[in-house]
Amino acid sequence: MKDWKEILLKSLAAGIMIAIGGAVFLAQKNPIIGALFFTVGLFTIVEFGLFLFTGKACYLLQTDAATNCRLPFIWIGNFLGTGFIALLLRLTRLAPAMTARAQQMVSMKMADSLLSLFLLGCFCNLLIYIAVEGYNHSRYEIGRYLALFFGVVVFILAGFEHSVADMFYFWMADAWNLQGFIAILVITAGNIVGGAFLPTLRQLAESKTTSK
């Protein structure tokens with residue numbers, strides 16, 4: 001019971017922080033500044049050990065079944081956390097501008113093909129893996145933070161799709177419908193595949209080296 005309480009609360013908190021990062025992005029006219037300060041979300045998550053679906057999904061093939069069974073609950077917690085912040089923001093004076101920006105972004109996603117959304121989700125989590133793995137294992141202190149910030153900034157400026165950030169944009173745009181849920185699920189699948197790609201290659205390369 002304690003374990004599930006921790007999963008719920010830490011995944012809710014992670015969703016809240018990604019939503020805060022998304023709010024900063026929506027509030028900025030300069031995309032570079034918006035992308036830079038979006039990193040407050042992932043920075044807080046890794047510093048405080050919160051549970052973000054996209055980060056945990058990177059290690060899907062390296063963790064046991066019991067750990068992987070938590071992923072759907074983390075996804076739901078992130079979903080609820082982003083929705084909570086969007087609900088509160090829609091009650092503030094910031095709502096009109098943020099909602100309009102979110103609606104523009106969501107309209108572009110909804111007009112996209114599912115293949116495109118999937119591939120953009122894959123590319124996003126390649127960078128999330130670099131950010132998280134670099135933060136956790138860089139040999140140099142400054143390298144930890146460079147990996148984190150560059151990984152996030154690059155995926156945003158490139159236009160790649162992050163399922164949890166997109167949850168917030170859909171909430172903020174009040175755009176949830178069947179098509180929207182399908183889009184988020186396809187992006188989620190892309191995040192899983194993209195996130196697992198580099199660690200799987202590394203594992204294969206290390207196993208080849210060991211066998212020699």
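Biologist: Is Arg90 buried, partly exposed or exposed?

Modeller: Keep in mind that this is a predicted model. Buried means under 20% relative accessible area and exposed means over 50%, with partly exposed in between. Arg90 has a relative accessible area of 34%, so Arg90 is partly exposed.

Biologist: Which residue forms a salt bridge with Arg90?

Modeller: Here's the general idea: side chains of opposite charge can pair when their charged atoms come close. For Arg90, the closest N and O atoms of the pair are 4.0 Å apart. The two partners sit in distant parts of the chain, with Arg90 in the loop between α6 and α7 and the other one in the loop between α10 and α11. That partner is Asp174.

Biologist: Let's step back into α10 itself. Why is α10 described as largely enclosed by the rest of the structure?

Modeller: Helix α10 covers residues 163–173. Among its buried residues are Phe168, Tyr169 and Phe170.

Biologist: Which residues are joined with Asp166 into one salt-bridge network?

Modeller: Start with a pair whose closest N and O atoms are 2.8 Å apart, Glu161 and Lys109. Glu161 lies in the loop between α9 and α10 and Lys109 in helix α7, so this pair ties together parts that are 52 residues apart in sequence. Salt bridges that share partners then join Asp166 with Lys109 and Glu161.

Biologist: Are Glu161 and Lys109 buried or exposed?

Modeller: The cut-off for buried is under 20% relative accessible area. Glu161 comes in at 4%, and Lys109 has 7%. So Glu161 is buried, and Lys109 is buried.

Biologist: How many salt bridges are there in total?

Modeller: One of them joins the side chains of Glu6 and Lys10, at 2.9 Å from N to O. Both residues lie in helix α1, four residues apart, about one turn of the helix. In general, an α-helix has 3.6 residues a turn, so residues three or four places apart point the same way. As for the total, the count comes to six.

Biologist: What is the volume of the largest cavity?

Modeller: A search of the whole structure finds one cavity of 30 Å³ or more. Its lining includes Ile18, Phe38, Leu42 and His162. The volume of the largest cavity is about 40 Å³.

Biologist: Back to the outside, then. How much accessible area does the nonpolar patch on the surface have?

Modeller: The patch is formed by Tyr140, Ile142, Leu146, Phe150 and Val154. Take Leu146, which lies in helix α9: at 40% relative accessibility, it counts as partly exposed. Together the five-name list above has an accessible area of about 530 Å².

Biologist: Which residues does Glu133 touch, leaving out those up to four places away in sequence?

Modeller: Glu133 lies in helix α8. Its relative accessible area is 13%, so Glu133 is buried. The residues it touches are Tyr59, Ser138 and Arg202.

Biologist: Last one: how far apart in space are Gln179 and Met110?

Modeller: Gln179 lies in helix α11, and at 44% relative accessibility it counts as partly exposed. In sequence, Gln179 and Met110 are 69 residues apart. In space, C-alpha to C-alpha, the distance is 7.5 Å.

Terms used
Residues are numbered from 1 along each chain as its sequence is written. This is a predicted model: local features need pLDDT of at least 70, side-chain atom pairs count only at pLDDT 80 or more; totals for chains, interfaces and linings use all residues. Side-chain values use heavy atoms; hydrogens and water are left out. Patches are made of residues with over 30% relative accessible area and no salt bridge: like charges are joined within 9 Å, nonpolar side chains (Val, Leu, Ile, Met, Phe, Trp, Tyr) within 5 Å. Accessible areas come from the Shrake-Rupley method with a 1.4 Å probe; for residues, only the protein chains shown count as cover. Helices (H or I, at least four residues) and strands (E, at least two) are DSSP runs, numbered from the N terminus. Buried means under 20% relative accessible area, exposed over 50%, partly exposed in between (1.4 Å probe, protein chains only). Contact means heavy atoms within 4.5 Å. On a 1 Å grid over the protein atoms alone, a cavity is a set of points where a 1.4 Å probe fits but cannot get out, and a pocket is an open set with protein on both sides within 12 Å along at least five of seven lines; lining residues have an atom within 4 Å of a point. Grid points are joined across faces, edges and corners, and a volume is the space filled by probe spheres set on the points.
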